[in-house]
Amino acid sequence: MTTSVKKNNFLPPSLISNLQQVLIARNDGVQPPPKENESYESNGKLSSSNVDDQANNAEQDSEKPVILVTNGEGIESPGLTLLVDALLRDRLFNVHVCAPQSDKSVSGHSLTVRETLAATSVELSGATAYEVSGTPADCVSLALSGALFSWSKPVLVISGINKGSSCGQKMFYSGAFAGAREALISGVPSLCISLNWKKDVSCETDLKDAANVCLPVIYAAVKDIEKGNFPKGCLLNVDIPSCPLTNKGLKVTRQSMWRSSPSWQGVAANRHASAGHFMSNQQSLGIKLAQLSRDASAAGAARRLNSHRKNVEVESVGVAGKQNSHQTVKKYFRLELLEKEPENEDANLDFRAVEDGFVAITPFTSSTSGQPEIETCVSNWIAAAISREQ
């Protein structure tokens, strides 16, 4: 079943039942003026009235719905920062962030085992935030374990905003989608939000617009999760078109089989120097060097055991000829993902809806057997959320 939402310029204010009141209270995100009783004593300490205010604010924050945010592109990515800014703007949520310290956008659903992860607190728009030396799935698993944050479970987990579509089979490679899926596995409703980023066309302003476009869906999800009306055991993959402000509305879609074409290119040995540049950009350089040392020791032991064998390094610029069975051949390759135009014209598939200008919402469950039912359930939920104020 497909549900489309038509509108003139922007997503309708009636998208969720409380959106109108939120927008009125929002006052364009302007911060409130200082309280009259805010002052400092001569020693620089807060006066008792300020201490009371801080205690009251902390108590109010503890009563707000908790949202956990992660992503695949790293904690410094603009998509995550702009999403957190948007979530904090109305002061409706208690926002916590646990995201990778570096880009893990194509890490899939990998978890780090037999290694120690570091979680470091960071300043991020006033949210409680940690960067983690692991994958998005690591971040969500750690955050939900109770070992990092004081709360036991958030109301909602949001992964994004990813700079690039997560449609089709890209979901299997996407670190951002894996973060949302880890929450689903752990029994927490989640959203994965992506912008259909166009190289040399899209800009950071589009990410900011995408954050505003997805807010009504987030508000509706949080409200209905608390009421028990949100589809059970559900992950929503939200793909926003490349021009967010001109979107045609929401459309519940099905996952397509579309994917980027992998292209493995053989490269010469002397062109492998880019690995050094990659290493220099890693914040966990010490760990990487330790791993290299360990691997080098193992490799040295292997060479001593096989000193009678001759090693041959081949520049992989073509198909190598048949080698002697006693020779070890090393080749170098580089993977490029080539974008191709979708061929399927089914308007109900995720990539087609996004290309047609819709915000595609593709539901997932932890079991494929219930997929048709969850699509109908999500369609009904969105239709009900929209119609409440109409």
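A residue counts as buried when its relative accessible area is under 20%. That cut-off will matter below. The model is a predicted one.

Start with the sheet. Strands of a sheet pair through backbone hydrogen bonds, either parallel or antiparallel. Here 9 strands form an open sheet with mixed pairing. Their order is E3-E4-E2-E1-E5-E6-E7-E13-E8. Strand E3 (119–124) and strand E8 (250–252) stand at the edges. Each has a single partner strand, so one side of each is left without a neighbour in the sheet. From one strand to the next, the twist averages 25°.

Now look inside the sheet. Strand E1 (residues 66–70) runs parallel to strand E5 (residues 156–163), and 4 bridges join them. Opposite Val-69 stands Ile-158 in E5.

Next, find helix H6. H6 lies across E1, E5, strand E6 (190–195), E7 and E13. Against E6, helix H6 runs at about 170°.

A pair of aromatic rings is described by the distance of the centres and the angle of the planes. The model has 4 aromatic pairs. One of them is formed by Phe-177 and Phe-364. Their centres are 5.3 Å apart and their planes stand at 75°, an edge-to-face arrangement. This pair links distant parts of the chain. Phe-177 belongs to helix H6 (residues 175–185), while Phe-364 belongs to strand E13 (residues 359–364). They are 187 residues apart.

Another edge-to-face pair joins Phe-230 and Trp-381. Here the centres are 5.0 Å apart, with 80° between the planes. Phe-230 is buried because its relative accessible area is 5%. Trp-381, at 7%, is therefore buried as well.

Finally, turn to rings with a lysine over them. Which residue lies over the face of Trp-197? Lys-163 does, at 4.8 Å from the ring centre. The ring of Phe-358 has the charged end of Lys-251 over it, 4.2 Å from its centre.

Notes. Residues numbered from 1 in each chain as written. Predicted model: local features only at pLDDT ≥ 70, side-chain atom pairs only at ≥ 80, totals over all residues. Heavy atoms only, no water. Phe/Tyr/Trp six-rings, centres within 6.5 Å; stacked < 30°, edge-to-face > 60°. Helix = DSSP H or I, 4+ residues; strand = E, 2+ residues; numbered from the N terminus. Buried < 20%, exposed > 50% of the residue type's maximum accessible area, 1.4 Å probe, protein only. Lys NZ or Arg CZ within 6 Å of the ring centre and 35° of its normal. Pairing = 2+ DSSP bridges. Axes fitted to C-alpha atoms, helices over the stretch in contact; angles between N-to-C directions. Contact = heavy atoms within 4.5 Å.
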